[in-house]
Amino acid sequence: MKKFGFIGLGIMGNAMALNLLKAGFDVTVWNRNPDKCTELVNQGAHQGKSPKEVATHCDVTFTIVSDPAAAMAICNGPEGVAAGIGDGRCYIDMSTVDDATSQSIATTIIEAGGRFLEAPVSGTKKPAEDGTLIILAAGDKSVYDEALPAFEVMGKMSPYLGEVGQGAKMKLVLNMVMGGMLSIFSEGLSLGLKADLDGQQILDILDAGAMANPMFKVKGPMLLDENYTTSFPLKHMQKDMRLAVDLGDKLNLTLPTAAIANESFKQARKAGAGDEDIAAIYKIIK
Ligand code: NAP
């Protein structure tokens, strides 16, 4: 049986690794704060001593951590994945990062004798738990083929998008749209409530028409209740908005709506809402 490694047991990684275990795969986990390994070890996972050890021991190692700096920290250094990978073993980084970071990790892994795929995911805590993520794979197709049995457990769809960078860019496009939608949704709800409309009626009427979508359905009641229980930390969405605006900058494309939404997310972060759910953008808008 293939041995899978899983590095980064935050909101997403914990649920994804648990699904691999439940499907009967041999899984070795590592997390910077080792306490987060306990639940998975109790469910039958092995615990690695370092990213290097996981990559040495496993045929395919997955990582999902916060941001570009964290993804680089997992890959590089004497205890990093690149120090342990070799003999064509596979490394799959599922963190949401920019294409340049992903390319840099790909180069390091290939130079160390490994094979690389990027595979950021669309979908939040619940789809991670349900195994219904959308996995945006790009890079070495042979790694994609080897990882498919794991992708089928973690996700409902795993399109192969081509060369390294294409998955990272697709993910940024998706989250830029999501952040923009959540921002204007918060403004619409705030405006309606200030204008003495009924909040639930606003949600019901939006949901009955052409603007109905699963995100408004989930986040709408959260905004009305001012419940910011974290599925997707706001600080990560702001990072994604920043990376999307940066990509537009590099491509000489103006993105005024995304740039303004990014400022709202920055303001929410500054107000201390970084670890709350993305819904907390409503706090600074209402
Ligand atoms: P999270 O709960 O905040 O977990 C972050 C993980 O990254 C933790 O395991 C953390 O380790 C690790 N980490 C951070 N900095 C590190 C460093 N310098 N070295 C080693 N490990 C480090 O985040 P999440 O929600 O699971 O998100 C993970 C990634 O998935 C992000 O790129 C995010 O944008 C993306 N994503 C999230 C969602 C979502 O809805 N949550 C959806 C799609 C994509 P510690 O536990 O030791 O702090």
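## Where the two domains meet

Let's start at the join: between domain 1 and domain 2 there are five residue pairs in polar contact, with both partners at pLDDT 80 or more. That pLDDT score comes up because this is a predicted model. Look for salt bridges across the interface of domain 1 and domain 2, though, and the rule finds zero.

What kinds of residues does domain 1 bring to its side of the join? Sorted by class, the side of domain 1 touching domain 2 has seven nonpolar, four polar and five charged residues.

## Stepping back to the whole chain

So which stretches are we talking about? Domain 1 covers 3-164, and domain 2 covers 168-285. Their C-alpha centres are 28 Å apart. In the contact, 16 residues come from domain 1 and 15 residues from domain 2.

Putting the two together buries about 1,300 Å² between domain 1 and domain 2, and carbon and sulfur atoms give 66% of that area. Over in domain 1, the residues that lose the most area to domain 2 are Ile 11, Thr 96 and Asp 99; together they account for 32% of what that side buries.

## Salt bridges

As a bit of background, side chains with opposite charges can pair when their charged atoms come close.

One of the bridges joins the side chains of Lys 2 and Glu 146, at 3.6 Å from N to O. Lys 2 sits in the segment before β1 (3-7), while Glu 146 belongs to helix α8, so this pair links distant parts of the chain, 144 residues apart.

## Aromatic pairs

Rings pair up here too, with eight aromatic pairs in the structure. Take Tyr 144 and Tyr 160: their ring centres are 5.3 Å apart and their planes are at 55°, so the pair counts as tilted.

Where do these two tyrosines sit? Tyr 144 is in helix α8 (residues 141-154), and Tyr 160 is in the loop between β10 (155-157) and α9 (166-194). The two are 16 residues apart, and this pair links distant parts of the chain.

Key:
Residues numbered from 1 in each chain as written. Predicted model: local features only at pLDDT ≥ 70, side-chain atom pairs only at ≥ 80, totals over all residues. Heavy atoms only, no water. Domains from an automatic or database assignment. Contact = heavy atoms within 4.5 Å. Buried area = accessible area lost by both parts, 1.4 Å probe. Salt bridge = Lys/Arg side-chain N within 4 Å of Asp/Glu carboxyl O. Polar contact = N/O pair within 3.5 Å; in protein donor to acceptor, adjacent residues only side chain to side chain. Nonpolar A, V, L, I, M, F, W, Y, C, P; charged D, E, K, R; others polar. Phe/Tyr/Trp six-rings, centres within 6.5 Å; stacked < 30°, edge-to-face > 60°. Helix = DSSP H or I, 4+ residues; strand = E, 2+ residues; numbered from the N terminus.
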